[in-house]
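Let us read a protein model step by step. Look at the structure first, then work through the questions.

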Amino acid sequence: MDRPERNEYVPFSMRIKAFLWDYVFILAYLLVVFGFSFFAQPLLLPLFRESPFSAEMTGFFLITLPVSLYFAINEGVYLHATWGKRKMGILVRDKRGLPVGLGRSLFRTALKFAPWELAHFTIWHMILPSTYSEEFISFLLITDYGLISIYLISPFYNKKKRTLYDCLAGTAVGYKE
C-alpha cells in the first residue's frame, strides 16, 4: 500500500474511526466516574439538583474537562495524536504541516467541545428551574444543533478536509509520516 504524502489530508471517515477508538478510553473513564459517583452520591447529588450552574460545573469538572485534557494533551505534546489517531496513522498539525503545541491544541479542543458543553448548559437549564426564558433556551438548542451540523459538514466543503474548529485553530489532521 502506498504511503500518503505529507500534504495529503485524511478523509472525514478516518477521523470518525479514530474518534471511535478514542471513545473506548472515554467510556472507560465514564465507568470510573460512574463508580466514583455511586459512592460519592451524597456529596454529588445536591450539586446536580441545586441549580443549573452547579450541575453544569460539576459535570464539566467530572467529565468535560478530563476528556478535553485527554485530547488536548495527547494532540499538543510529544505524539501529537490521541490513541485513536495513532491507531489510524494520523495526527494533528498546523497549516504548515508542523506539530501543534499545547496552547493551540487546548484552543482547538475548546472549540471542538464547545457544542458538547453548550448542549449540557442548555439541558441543565431545561431540566432545572432557570432564570432564562424558554425562547432563549430554545435559541441555544437550535444554535447547538447548527454548530454541530457545521462541524460535521465542513470537512466536505474544503480540499484540506478541515472542520470549522480546525480552520479557526489553524490546524489540520494529516497522515503520520
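Q: Which residues lie nearest the centre of the largest pocket?
A: A pocket is an open set of points on a 1 Å grid over the protein atoms alone, where a 1.4 Å probe fits and protein lies on both sides within 12 Å along at least five of seven lines. Lining residues have an atom within 4 Å of a point. The largest pocket has 21 of them, and those nearest its centre are Phe-19, Lys-112, Phe-113, Leu-152 and Tyr-165.

Q: Which elements give two or more residues to the lining of the largest pocket?
A: Helices here are DSSP runs of H or I with at least four residues, strands are runs of E with at least two, and both are numbered from the N terminus. The elements asked for are helix H1 (12-39), helix H3 (52-76), helix H5 (102-127) and helix H6 (134-153).

Before going on, a word on the model. It is predicted, local features need pLDDT of at least 70, side-chain atom pairs count only at pLDDT 80 or more, and totals for chains, interfaces and linings use all residues. Residues are numbered from 1 along each chain as its sequence is written, and side-chain values use heavy atoms, with hydrogens and water left out.

Q: Which element gives the largest share of the lining of the largest pocket?
A: Helix H1 spans 12-39. Eight lining residues come from this helix, so the largest share belongs to H1.

Q: How much space lies in the largest pocket?
A: Grid points are joined across faces, edges and corners. The volume is the space filled by probe spheres set on those points. For the largest pocket it comes to about 550 Å³.

Q: What pattern does the protein chain follow along the sequence?
A: Count the elements to begin with: the protein chain has seven helices and two strands. Now read along the sequence, and the pattern is α-α-α-α-β-α-α-α-β.

Q: What percentage of the residues in the protein chain is buried?
A: Buried means under 20% relative accessible area, exposed means over 50%, and partly exposed is in between (1.4 Å probe, protein chains only). The protein chain has 177 residues, and the buried part is 38%.

Q: Why does Glu-75 count as buried?
A: Glu-75 lies in helix H3. A contact means heavy atoms within 4.5 Å. Not counting residues up to four places away in sequence, Glu-75 touches residues including His-80, Arg-108 and Lys-112. Glu-75 is buried because its relative accessible area is 0%.

Q: How far apart in space are Glu-75 and Pro-99, C-alpha to C-alpha?
A: In sequence, Glu-75 and Pro-99 are 24 residues apart. In space, their C-alpha atoms are apart by 8.6 Å.

Q: Is His-80 buried or exposed?
A: His-80 lies in the loop between H3 and helix H4 (83-88). Phi of His-80 is near 60 degrees, a positive value in a residue other than glycine. Most residues other than glycine have a negative phi. With a relative accessible area of 13%, His-80 is buried.

Q: What is phi of Lys-161 near?
A: Lys-161 is in the loop between H6 and helix H7 (164-169). Lys-161 is partly exposed, because its relative accessible area is 32%. Its phi is positive, in a residue other than glycine, and is near 55 degrees.

Q: Which residues does Thr-122 touch, not counting residues up to four places away in sequence?
A: Thr-122 lies in helix H5. At 0% relative accessibility, Thr-122 counts as buried. The residues that Thr-122 touches are Ile-137, Leu-140 and Leu-141.

Q: Which residues does His-120 touch, not counting residues up to four places away in sequence?
A: His-120 is in helix H5. Its relative accessibility is 24%, so His-120 counts as partly exposed. The residues that His-120 touches are Glu-56 and Thr-64.

Q: How far apart in space are Ser-54 and Val-24, C-alpha to C-alpha?
A: Ser-54 is in helix H3. At 11% relative accessibility, Ser-54 counts as buried. Ser-54 and Val-24 are 30 residues apart in sequence, and in space they are apart by 28 Å.
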